[in-house]
Amino acid sequence: ARGHRTSEKAIEASGVPYTLLRPSGFMSNMLNNVQTIKGMGKFFAPAGDGKMGVIHPADIAAVAVKVLTTPGHEGKAYVLTGGETLSNAEQAKILSDAVGKPIEYVNVPPEAAADGMLKGGMPKAYVDMLIEFYGVVRAGFTAVATGDVEKVLGRKPKTYADWAKENAAAFK
């Protein structure tokens with residue numbers, strides 16, 4: 001968030017009309033776990049029981065189209081979330097139902113997660129950022145559903161169950 005805010009401040013200072021979109025975790029990030037879900041029926045993260053208002057990428061796109069094609073959004077910032085906050089265990093249950101097989105979320109210690117990411121070839125700076133982010137999730141700071149998608153689009157955001165059904169084939 002610190003890096004994003006630095007960029008936002010530069011945009012705000014530019015004098016150019018702007019609308020800031022601040023999406024939460026994308027539902028599609030679960031696709032990063034396709035291999036372990038297919039092979040082991042599990043995915044791993046150091047998020048504990050922390051929740052997040054994950055958002056469907058189609059809702060982000062729809063909000064972007066709306067703010068680019070209709071007036072009244074200049075100078076505003078929208079925090080884009082889904083309509084519900086979900087833990088990784090809850091996402092696993094919903095995805096399990098959509099895929100038709102058990103999928104388990106395995107909480108791992110941050111140190112073990114970082115070690116695995118580094119051994120997998122991720123750059124240390126990116127690993128450090130991810131571990132910090134997961135700490136924010138574990139602490140409960142991402143357990144937010146804002147309502148900004150509905151405010152802009154006039155409809156509720158898509159659910160995680162919607163996304164899981166649309167993408168179930170990827171996990172089979």
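In which strand does Met 52 lie? I find Met 52 in strand β3, residues 51-52. I take helices (H or I, at least four residues) and strands (E, at least two) as DSSP runs, numbered from the N terminus.

**Ground rules.** I am reading a predicted model, where local features need pLDDT of at least 70, side-chain atom pairs count only at pLDDT 80 or more, and totals for chains, interfaces and linings use all residues. Residues are numbered from 1 along each chain as its sequence is written, and side-chain values use heavy atoms, with hydrogens and water left out.

**Met 52, continued.** I checked burial next. Met 52 has 11% relative accessibility, so it counts as buried (under 20% relative accessible area; exposed is over 50%, partly exposed in between; 1.4 Å probe, protein chains only). Beyond four places in sequence, I list Met 52 in contact with Gly 25, Glu 84, Thr 85, Leu 86, Phe 133, Val 137, Thr 142 and Ala 143. Contact means heavy atoms within 4.5 Å. I also looked up the pair Met 52 and Ser 28: 24 residues apart in sequence, 13 Å apart in space, C-alpha to C-alpha.

**Thr 81.** I located Thr 81 in the loop between β4 (76-80) and β5 (86-87). Is Thr 81 buried or exposed? Thr 81 is buried, because its relative accessible area is 4%. Its side chain reaches the backbone nitrogen of Thr 146 at 2.9 Å. Leaving aside neighbours within four places in sequence, the contacts of Thr 81 include Ser 24, Gly 53, Ile 55, Val 144, Thr 146 and Pro 157.

**His 73.** I found His 73 in the loop between α3 (57-69) and β4. His 73 has a relative accessible area of 10% and is therefore buried. Its side chain makes a polar contact with the side chain of Thr 70 at 3.1 Å. A polar contact is a pair of N or O atoms within 3.5 Å; within protein, one must be able to donate a hydrogen and the other to accept it, and residues adjacent in sequence count only if both atoms are side-chain atoms. With neighbours up to four places away set aside, His 73 is in contact with Tyr 18, Thr 19, Lys 66, Val 67, Tyr 78 and Val 152.

**Glu 8.** I placed Glu 8 in helix α1, residues 2-13. Glu 8 counts as buried because its relative accessibility is 10%. Not counting residues up to four places away in sequence, Glu 8 touches Leu 20 and Arg 22. I noted the C-alpha atoms of Glu 8 and Leu 20 separated by 7.5 Å, twelve residues apart along the chain.

**Helix pair α5 and α6.** At what angle do the axes of α5 and α6 cross? The axes of α5 (residues 110-119) and α6 (residues 124-138) come within 10 Å and cross at roughly 150 degrees. Axes are lines fitted to C-alpha atoms, for helices over the stretch in contact, and angles run from 0 to 180 degrees between N-to-C directions. I therefore log α5 and α6 as roughly antiparallel (over 145 degrees; under 35 is roughly parallel, 65 to 115 roughly perpendicular, the rest oblique). The contact is made by Pro 110, Ala 113, Ala 114, Met 117 and Leu 118 of α5 and Lys 124, Val 127, Leu 130, Ile 131, Tyr 134 and Arg 138 of α6.
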